[in-house]
Amino acid sequence: MQDQNIRSRSISEEEDRAMESLNALEIDTHTFGEESHLVTKQCSGVMGEIDALSKVQLSSIPFHIDVDWGEGVRTQTVGRYPTINNLRLAYRVNQKAGLGRKEICAAWNQAAQLITFTSGLNPSFSSSNVRIIPLSYPCAKIVFQGQSVHNLGWEALDGEDESPHVPSLSITLFLALLSELSDHIINSSERNGAFHASTSPPFPMTTTSIDSVDVTCLGDIDTASWSSVVFCLAVNLRWLSQLVLPSDVRQVIT
């Protein structure tokens, strides 16, 4: 009789533990269901945003890049510079042409925004080494390998202590990012069977060269060469903006 009571209590305790485990499992299942539903809803929202962003055209954001000069342009007073939204994109200041740090910083900021916006239209693109921050003040910034931060311009817009030119390393990193983004677009076009001549940038690029000029070999005082590099970058930036613009808008801004 005593053995039966012991076995009965043991069975009862086992049943209690089994019920507790079952209750805990039901709670976990319910919690998992709620979390799964929440994650699914969040993923659906993100996919909706990506789909909406993929349908956005650059025509809603003004990126007017001009690399041509007509006979009426006063090059002796304004200088011979490519412009983005009427801001001169340059390597260094030019007091004779009235070109200062503020305008140059603003122009590079616009260029950085174009890169950022186009990257957003290509969500599968990711640069492992270079990230650009276009809306910082007073100049855009480039983050290299998640460790070092480089100014695409100057920290101070006034004063004579700063260098007269944009840091060459910043332009080199900008070139690397533009080259990687361009390669991604070209490769995507090839996979989709949409590759054609206009898919390639006017000036061939690598992460360290443009138009066969290795920028890592240029000295900071080589203003002519760096100015040529900036011009080539501007031409390729115009190509980038045109690549995602409808043809009717493209005719207006070129």
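**Enclosed space in a predicted model**

Mentor: Start with confidence. The mean pLDDT of the chain is 80, and 78% of the residues score at least 70. That score is the predictor's confidence in each residue, from 0 to 100. This is a predicted model, in which local features need pLDDT of at least 70 and side-chain atom pairs count only at pLDDT 80 or more, while totals for chains, interfaces and linings use all residues. Residues are numbered from 1 along each chain as its sequence is written, and side-chain values use heavy atoms, with hydrogens and water left out.

A contact means heavy atoms within 4.5 Å.

The chain has six helices and eight strands. Helices (H or I, at least four residues) and strands (E, at least two) are DSSP runs, numbered from the N terminus. Along the sequence they follow the pattern α-β-α-β-β-α-β-β-β-α-β-β-α-α. Of contacts between residues at least 6 apart in sequence, 54% join residues at least 24 apart. Buried residues make up 38% of the 254 residues. Buried means under 20% relative accessible area, exposed over 50%, and partly exposed in between (1.4 Å probe, protein chains only). The accessible surface comes to about 15000 Å², and carbon and sulfur atoms hold 53% of that. These areas come from the Shrake-Rupley method with a 1.4 Å probe; for residues, only the protein chains shown count as cover.

Rolling a probe the size of a water molecule over the atoms shows where empty space is left. A search of the whole structure finds one cavity of 30 Å³ or more. The volume of the largest cavity is about 30 Å³. On a 1 Å grid over the protein atoms alone, a cavity is a set of points where a 1.4 Å probe fits but cannot get out; lining residues have an atom within 4 Å of a point. Grid points are joined across faces, edges and corners, and the volume is the space filled by probe spheres set on the points.

Which residues line the largest cavity? They are Ile65, Pro82, Thr83, Ile84, Leu89, Ala234 and Leu237. By class, the lining has six nonpolar residues, one polar and no charged. Here Ala, Val, Leu, Ile, Met, Phe, Trp, Tyr, Cys and Pro count as nonpolar, Asp, Glu, Lys and Arg as charged, and the others, Gly among them, as polar. Strand S2 and helix H5 (223-243) each supply at least two of the lining residues.

Isoleucine 65 sits in strand S1. Isoleucine 65 is buried, at a relative accessible area of 4%. Its C-alpha lies 9.1 Å from that of leucine 87, which is 22 residues away along the chain. Phenylalanine 63 falls in the loop between helix H1 (2-54) and strand S1 (65-66). Phenylalanine 63 is buried too, at 5%. Phenylalanine 63 and glutamine 110 are 47 residues apart in sequence, yet 7.7 Å apart from C-alpha to C-alpha.

Move to S2. Asparagine 85 is in the loop between strand S2 (83-84) and strand S3 (87-88). Phi of asparagine 85 is near 55°, a positive value in a residue other than glycine. Most residues other than glycine have a negative phi. Serine 212 also has a positive phi, about 65°. Serine 212 lies in the loop between S7 and strand S8 (213-214), and is exposed at 73% relative accessible area.

Glycine 100 is in the loop between S3 and helix H3 (101-120). Glycine 100 is partly exposed, at 29%.

Finish at H5. Threonine 223 belongs to this helix and is partly exposed, at 24%. Threonine 223 touches Tyr91 and Arg92, leaving aside residues up to four places away in sequence. Histidine 165 is 58 residues from threonine 223 in sequence, with 8.6 Å between the C-alpha atoms.

Methods: On a 1 Å grid over the protein atoms alone, a cavity is a set of points where a 1.4 Å probe fits but cannot get out, and a pocket is an open set with protein on both sides within 12 Å along at least five of seven lines; lining residues have an atom within 4 Å of a point.
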